[in-house]
Amino acid sequence: MEFTTLQPESLSKAIQLSVSPVFLLAGIGALLNVLSARLARVADQARRLSESDARGDDFDRRYCKRRMQHILRAISLLTCATLLLSIVVSAIFMGVIAQVDLTAIVAPLFITTMGMLTLASISFLLEVRLATEFVQRKF
């Protein structure tokens, strides 16, 4: 087995290849931050509803539960996407350093990551729609 030394150009290439996924990680982090804040607001609203003795708030409770489900689904999908994206970045570096073509591993992982991001965005959109419908119904 022959070992080759890593050329600076190879490391530069690995960094260039991993820049886009790393920016995507930053964007996912921002989305997670937004979703966490929305979840906190819904949880506060659910807490206020549970503390009140009003009998007519069954619609409000169901609304909160549905919103929380959409937010939690989006958070779970985004968290899984970050894990897969981290594996993609690691595989890109390992492939360049070991001078091995890992396209057969990286491509499906990246496609799966984008699928999870798409599903998380749909869940987020559904949650925003629910919130909008609730506000329109109340006012």
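Predicted model: local features only at pLDDT ≥ 70, side-chain atom pairs only at ≥ 80, totals over all residues.

1. Residues are numbered from 1 along each chain as its sequence is written, and side-chain values use heavy atoms, with hydrogens and water left out.

2. Helix H3, which covers residues 103-138, has 36 residues and spans 52 Å from its first C-alpha to its last, close to the 52 Å expected at 1.5 Å a residue. Helices here are DSSP runs (H or I, at least four residues) numbered from the N terminus, and the expected span is 1.5 Å times one less than the number of residues. The buried residues of H3 include Val 106, Leu 109, Leu 117, Glu 127, Leu 130 and Phe 134, where buried means under 20% relative accessible area, exposed over 50% and partly exposed in between (1.4 Å probe, protein chains only).

3. Gln 99 lies in the loop between helix H2 (58-98) and H3, and its phi is near 55 degrees, a positive value in a residue other than glycine. With a relative accessibility of 48%, Gln 99 counts as partly exposed.

4. How many salt bridges are there by this rule, which asks for a side-chain nitrogen of Lys or Arg within 4 Å of a carboxyl oxygen of Asp or Glu? The count comes to 5.

5. One of them joins the side chains of Asp 44 and Arg 47, at 2.8 Å from N to O. These two residues are 3 apart in helix H1 (residues 8-51), and so are separated by about one helical turn. Asp 44 is partly exposed at 33%, and Arg 47 is likewise partly exposed, at 44%. An α-helix has 3.6 residues a turn, so residues three or four places apart point the same way.

6. In helix H2, Arg 62 and Asp 58 are 4 residues apart, about one helical turn, and they form a salt bridge whose closest N and O atoms are 3.6 Å apart. Arg 62 is partly exposed at 49%, as is Asp 58 at 46%.

7. Arg 129 is exposed at 51%, whereas Glu 133 is partly exposed at 40%. Elsewhere, salt bridges that share partners join Arg 38, Arg 67 and Glu 127 into one network.
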